[in-house]
Amino acid sequence: MRGLIYKECSLFLKSIGKKEAALVAVLAVLLFVRTGPAAGLFMSVLFAMAVGIQHVLEFSADEQHNWKSYQMIMPVTGRQVVMSKYVSVLLTLVISIVISLILSLVSFLRFGSFDAALFYLTILLAAVIPLIWTSFLLPVIYWFGFRYAQYAGLILVIPNVYFLNYLEDGSGITDFAKISGINLFFIFGILILIFGISYFISLL
């Protein structure tokens, strides 16, 4: 089991393409220049989306290396393979949160303003967004295949774009920060429940 988790985490890091990383970096710089003191939040949302998408793209690497053929001759069950994927998602949330902390610090040092509500919202979204992406798309992959998940991912891009547009309004950030701060544990509880349901659906 630990070997499978190590394989998933290693694949997550190794399958990050240079072009994709450069694109995310350029977008992050543009957001940093455009959004001012809220730059840490917007860049964190961007990187959190990238983390969620990266877990989906891992399946492309599995297909290229014909992973299923190796899986069939290894002493592992389908349940263990699925569980290792979900555990790796939880582990890589640490990466998303750490990046979020760094980006928030950079934003604070650059603009000299610190908003506690905005900071907590940034950390929350760094964990929430990858969970949303994987909770929705992993069952699609296990049921219908990687290709269908690519199309299904477009469904998630649309609300993410609208959400960013909503946050671009200063009052939108303030209102959402207040709501998320009050319901922080409730939001995490609901998401963990959804993530668990997603896991069991993937096993069916």
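Ser88 counts as buried because its relative accessibility is 1%, where buried means under 20% relative accessible area, exposed over 50% and partly exposed in between (1.4 Å probe, protein chains only). The model is a predicted one, in which local features need pLDDT of at least 70, side-chain atom pairs count only at pLDDT 80 or more, and totals for chains, interfaces and linings use all residues. Residues are numbered from 1 along each chain as its sequence is written, and side-chain values use heavy atoms, with hydrogens and water left out.

Ser88 belongs to helix H5. Helices (H or I, at least four residues) and strands (E, at least two) are DSSP runs, numbered from the N terminus. Beyond the neighbours within four places in sequence, Ser88 is in contact with Glu8, Cys9 and His55; contact means heavy atoms within 4.5 Å. Glu8 and Ser88 are separated by 80 residues in sequence. Their C-alpha atoms are 6.2 Å apart.

His55 is located in helix H3. His55 is buried because its relative accessibility is 0%. With neighbours within four places set aside, the contacts of His55 are Phe12, Lys85, Ser88, Val89, Thr92 and Thr134.

Val87 is another residue of H5. Its relative accessible area is 27%, so Val87 is partly exposed. Val87 and Cys9 are 78 residues apart in sequence, and the C-alpha to C-alpha distance is 9.3 Å. Leu13 sits in helix H1, which spans residues 2-14. Leu13 has a relative accessible area of 52% and is therefore exposed. The C-alpha atoms of Leu13 and Thr92 are 9.6 Å apart, across 79 residues of sequence.

The overall fold comes next. The protein has nine helices and zero strands. Along the sequence the pattern reads α-α-α-α-α-α-α-α-α. Of the 204 residues, 42% are buried. Among contacts with a separation of 6 or more, 80% join residues 24 or more positions apart.

The interior holds a nonpolar core, meaning a set of buried Ala, Val, Leu, Ile, Met, Phe, Trp, Tyr and Cys residues joined through side-chain atoms within 4.5 Å. The largest such core has 32 residues. Leu125 and Ile129 have the most contacts inside it. Two or more residues come from each of H3 (39-64), H5, H6, H7 (146-168) and H9. H6 gives the most, with 12 residues. In soluble globular proteins, nonpolar side chains tend to be buried together.

The structure holds four aromatic pairs. Rings of Phe, Tyr and Trp (its six-membered ring) pair if their centres lie within 6.5 Å; planes under 30 degrees apart count as stacked, over 60 as edge-to-face and the rest as tilted. Tyr86 and Tyr199 form an edge-to-face pair, with 5.4 Å between centres and 75 degrees between planes. This pair links distant parts of the chain: Tyr86 is in H5 (residues 78-111) and Tyr199 in H9, 113 residues apart. Both Tyr86 and Tyr199 are buried. Ring pairs also join Tyr86, Phe195, Tyr199 and Phe200 into a cluster.

The protein exposes about 11600 Å², as given by the Shrake-Rupley method with a 1.4 Å probe; for residues, only the protein chains shown count as cover. A nonpolar patch of about 1100 Å² is formed by Trp143, Phe144, Tyr148, Phe186, Ile190, Leu193, Ile194, Ile197, Ile201 and Leu204. Two or more of its residues come from each of H6 (116-144) and H9 (184-203). H9 gives the most, with six residues. Patch residues have over 30% relative accessible area and no salt bridge; like charges are joined within 9 Å, nonpolar side chains (Val, Leu, Ile, Met, Phe, Trp, Tyr) within 5 Å. A salt bridge is a side-chain nitrogen of Lys or Arg within 4 Å of a carboxyl oxygen of Asp or Glu. Leu204 lies in the segment after H9. Leu204 is exposed because its relative accessible area is 74%.
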